[in-house]
Amino acid sequence: MAIAVWSVFLAVMMGGLVWLARRVRRRGVGSSVLSPIEEIWHPAIREFRFETEAYEERMVPMRTPDDPLHPD
């Protein structure tokens, strides 16, 4: 009986973690929540994350046609 309860508990925990990981990645807030776990399992991800964040900060938003400073 105890083994069955423990197995169900582990299955629910693993399912919850999978659900959390998918939700966090979909919403784009995974870096703050899952970064310590990812750094333990894949240490090279830290450098990649820094490069990605620096690239995103350097991006310039495109101007829209209704922008008063648009060249057309």
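**Patches on the surface**

Reply: Happy to! Arg22, Arg23, Arg26 and Arg27 gather in a patch of positive charge on the surface. This is a predicted model: local features need pLDDT of at least 70, side-chain atom pairs count only at pLDDT 80 or more, and totals for chains, interfaces and linings use all residues. Residues are numbered from 1 along each chain as its sequence is written, and side-chain values use heavy atoms, with hydrogens and water left out.

Me: Why is Arg27 called exposed?

Reply: Its relative accessible area is 59%. Exposed means over 50%, buried under 20% and partly exposed in between (1.4 Å probe, protein chains only), so Arg27 counts as exposed. Arg27 has its place in helix H1, residues 2-27.

Me: What makes Met13 partly exposed?

Reply: The value for Met13 is 41%.

Me: Which residues make the nonpolar surface patch?

Reply: Trp6, Phe9, Leu10 and Met13 make this patch of about 420 Å². Patch residues need over 30% relative accessible area and no salt bridge; nonpolar side chains (Val, Leu, Ile, Met, Phe, Trp, Tyr) are joined within 5 Å, like charges within 9 Å. A salt bridge is a side-chain nitrogen of Lys or Arg within 4 Å of a carboxyl oxygen of Asp or Glu.

Me: How many helices and strands does the protein have?

Reply: Three helices and zero strands. Helices (H or I, at least four residues) and strands (E, at least two) are DSSP runs, numbered from the N terminus.

Terms used:
Areas by Shrake-Rupley, 256 points an atom, 1.4 Å probe, with all protein chains shown as cover. Lys, Arg positive; Asp, Glu negative; His and termini not counted. Charge placed at Lys NZ, Arg CZ, Asp CG, Glu CD.
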